[in-house]
Amino acid sequence: MKAEFGGYAGKILEVDLTQGRVKRTSLDPDLATKYIGGKGLGAKYLYDHLPLGCDPFGPENLLIFATGPLTGTLAPGSGRCIVSTKSPATGFWLDANCGGSFGPEMKMAGIDAIVIKGKAPSPVMLLVDDEKVQLGEADFLWRKDTFSTHRWIKDKFGEESRVACIGEAGEKRVRFASIISEMRAFGRGGAGAVMGSKNLKAIAVRGHCPITIAYPESFMKACREAFNEIAIHPDSGGGRQKYGTNTILSCMNEAGVHPVRNFQKGIFHGRSALNEEEIREFYVRNKACYGCPIYCSKISKVKEGKYKGAFVEGPEYENVWSFGAHCENADIPSIIKAEYLCDLYGLDAISTGNVIGFLMECMEKEVLEESDIGFPLKFGDNEGMIRAIHLIGRREGPALLWGEGVKRIAQEVGRGAESFAIHVKGLEMPAYDPRGSTGMALAYATSDRGACHLRSWPIGAELLSPEERIDPFSIEFKAEFVKNQQDLFTVINSSVTCLFTIFSLSLRHIVHFLHSVTGIESFASSEEILQSGERINNLVRLFNLKEGLTKADDKLPQRFLTEPLKDGPARGRLVDLETLLKEYYFIRGWDEKGVPTSETLKRLGLPSENQNDKFPKYQNT
Amino acid sequence: MIKTIPNLCTGCRICEIICSLAHEGSIAPKQSRIRIQSAWPEEEKIHLCLACEPKPCIGGCPEGALSWDGYLRIDEEKCTGCLLCREACPYGGIQTENSKKFPFFCDTCQGEFQCVKWCPTKSIIRTK
């Protein structure tokens, strides 16, 4: 299809690790037109090919790395890549998304997606060098941290090789293990553990194929305009460039939605959350993903003290929170160290911080004792926190259980721990208290991969957007807002560019990029593109329903429904999820059980043969 | 003249992208005349022809294939592909690529310097 559409490489690389075979197949142009790429491509593949009820760690699970037509182009934020699989944390859909250069390099190696199935008999790495693809032995890299793995591969195959690999946590199937690519991560939902279950240590790609653009002049004009808008916008051209993602830190804290002590309170008084300047003192330079003018990444280093030598691309807002306020820890060097260790072991830093904060509350509530943990793990104890990360990363001793994530720890421990286990569908929650944001409450409950702030982020409009501010406590218009933003974000995650461009750009820009890059006529229509987003979200919903999801899974942790927030502007508030959910289902065109109606499926051109099935509940492993 | 300020460079490689778009009509950073070299996880280095004096590339060419007329020119009849010019350049300004027969380098985009225009951090600037 290369001659037909710009932007796409036109090929899928299929890898069967059990057989040790690789082959290139052509990308179906109809599939591209209907599902764009990235998340859409992953959704179509998983829906069509994943055996129903399969074990996320079984060889039949698929691990799909997919780019979109905008990946690797000049469209701002085009450095990203999407991995899709069945999540070992939730047992449902997972797509996780990573910046850097891995996606663009895949495209330049002539492939839109890598579809991996099976399980290698012993550790292997996948090496893609343009047309040449091979599986190499990786026994000697097993147990090596992600940085050493990167270094070995780059020394052997060239500095310009782009790597995605797992650390010890992925090898040992920690259910929130990440895949690391040059200090950035396919973070959430345990894609690293799926990769580990397949005995796949690393993927290295290098390519020299040019990416063709259907209408270069129109595309460059669209990019010029977008670059200008990004440069003058106070977020993308201001705060985000200066502070990175921490630009929202003090604002969230002051709004009382920066969760403290495992979501017991909403305002943190420690140094790590008072002011983004405090974090900025550790930044040594700016870093950008491929093709991005926003450069929100900051390289931070700890130059003195007991955590000297730790360095990260970050620390990101989410992790300043997960290892900071969440664990009631105000010590910034320890936060950097914690994120550094998560990178080395290949752990999702949001979930890791969540697990530790949860264990701290278990200690506080005497649900667990020191003998269960092995050392005193109290709120505010950053040495204990670092110790716990090492244990989780190596999955040693008590961390055999901790590596299962908050949901499963609570089930195992019992004694009321489930009442403060903060997760949705098995995925731990990010840094916004839903009691102070009805939008986030609905966003968490309806997110396809569990508690996630990147399916829609209404709190931005609720707290940060002066011109179009919506009331954070009201439930009015929230269902409509969340639905529309979910569809838009899915367009971005299928195109694929970065969500951080959307504060200064709009759907109009994305559509202009998509049309001028690909030359696909239907991509010139905002309605059609947004409908593709809606189509993909509904297909993912069908996938989750097939895998046994019911309305009961679209829920929030008990704490937010029964324990009013104790402090700040949202003090005394609870979440009325039922009303929000009812309206959301209605707006989505789903029935009262959360199943897309046959009219909705027909309107979106989706298969409706499943609509009358009972969606049998399969036991997730 | 072009000046680079490497410590402002974020490694976004927009210069490589726009250079290849301007010259090749497609996105091919590995055919770019400007290169951002990264030695992960260390800082990036910016490599391009800085129009320096006294132009060691021209002196370094044993065939006399290189000359200067507003920017570096190559006489493809004379070039033997020995790449001594590349070795002579202290700024990494002379590029090669498998698909190209001869070394290639900055031609100023008809004086427009697209890399300068598009660099988001102004780590490549014109000095006059």
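Two residues are in contact here if their C-beta atoms, placed from the backbone, lie within 7 Å. The views below show a predicted model.

**View 1. Surroundings of Ala441(A).** Neighbours within four places in sequence are left aside in this view. Beyond them, Ala441(A) is in contact with Pro434(A), Leu556(A), Phe560(A), Val575(A), Leu577(A) and Leu580(A). Ala441(A) belongs to the largest nonpolar core, which has 233 residues. Ala441(A) is listed there with Ala202(A), Leu359(A), Cys15(B) and Ile18(B) as the residues that touch the most other members. In soluble globular proteins, nonpolar side chains tend to be buried together.

**View 2. The open sheet of chain A.** Six strands of chain A make up an open sheet, and their order is β2-β1-β6-β3-β4-β5. The pairing in this sheet is mixed. At the edges lie β2 (21-26) and β5 of chain A, each of which pairs on one side only. From one strand to the next, the twist averages 20°.

**View 3. Strand β4 of chain A and its two partners.** Strand β4(A) covers residues 81-86, and six of its six residues are buried. In a regular strand the side chains alternate between the two faces of the sheet. In β4(A), Cys81(A), Val83(A) and Thr85(A) point one way, while Ile82(A), Ser84(A) and Lys86(A) point the other way. The residues on both sides, Lys86(A) included, are buried. Strand β3 (residues 63-66) of chain A runs antiparallel to β4(A) and is joined to it by three bridges. Within that pair, Ser84(A) is the bridge partner of Ile64(A). Strand β5 (residues 93-98) of chain A is also antiparallel to β4(A), with six bridges between the two.

**View 4. The hairpin of β4 and β5 in chain A.** Val83(A) has Ala96(A) as its bridge partner in β5(A). Six residues lie between the strands of the hairpin, and Gly91(A) takes a positive phi near 75°.

**View 5. Ile248(A) in a loop.** The loop shown lies between α8 (235-243) and α9 (249-254) of chain A, and Ile248(A) is found in it. Not counting residues up to four places away in sequence, Ile248(A) touches Tyr317(A) and Leu464(A). Gly460(A) is 212 residues from Ile248(A) in sequence, yet the two C-alpha atoms are 9.2 Å apart in space.

**View 6. The side of chain A that touches chain B.** The contact between the chains involves 24 residues of chain A and 23 residues of chain B. On chain A, at least two residues each come from α4 (146-157), α7 (216-232) and β13 (283-287). Of the elements of chain A, β13(A) gives the most to this side, with three residues. By residue class, the side of chain A is made up of 12 nonpolar, seven polar and five charged residues.

**View 7. Chain B by itself.** Chain B has four helices and six strands, which follow the pattern β-α-β-β-α-β-β-α-α-β along the sequence. Its radius of gyration is 14 Å, close to the 14 Å that the globule rule gives for 128 residues, so chain B is as compact as a globular protein of that length. Along the principal axes, the C-alpha atoms of chain B fill a box of roughly 40 × 30 × 30 Å. Of the 128 residues of chain B, 40% count as buried. Among contacts in chain B with a separation of 6 or more, 54% are between residues 24 or more positions apart.

Note on methods. Residues are numbered from 1 along each chain as its sequence is written. Chains are lettered from A and ligands numbered from 1 in the order in which they are written. This is a predicted model: local features need pLDDT of at least 70, side-chain atom pairs count only at pLDDT 80 or more; totals for chains, interfaces and linings use all residues. Ala, Val, Leu, Ile, Met, Phe, Trp, Tyr, Cys and Pro count as nonpolar, Asp, Glu, Lys and Arg as charged, and the others, Gly among them, as polar. A residue is buried if 20 or more other C-beta atoms lie within 10 Å of its own, exposed if 12 or fewer, and partly exposed in between; C-beta atoms are placed from the backbone. Two strands pair if DSSP finds at least two bridges between them. A nonpolar core is a set of buried Ala, Val, Leu, Ile, Met, Phe, Trp, Tyr and Cys residues joined through C-beta atoms within 7 Å. The radius of gyration is taken over C-alpha atoms; the globule rule is 2.2 Å times the number of residues to the power 0.38. Axes are lines fitted to C-alpha atoms, for helices over the stretch in contact, and angles run from 0 to 180 degrees between N-to-C directions.
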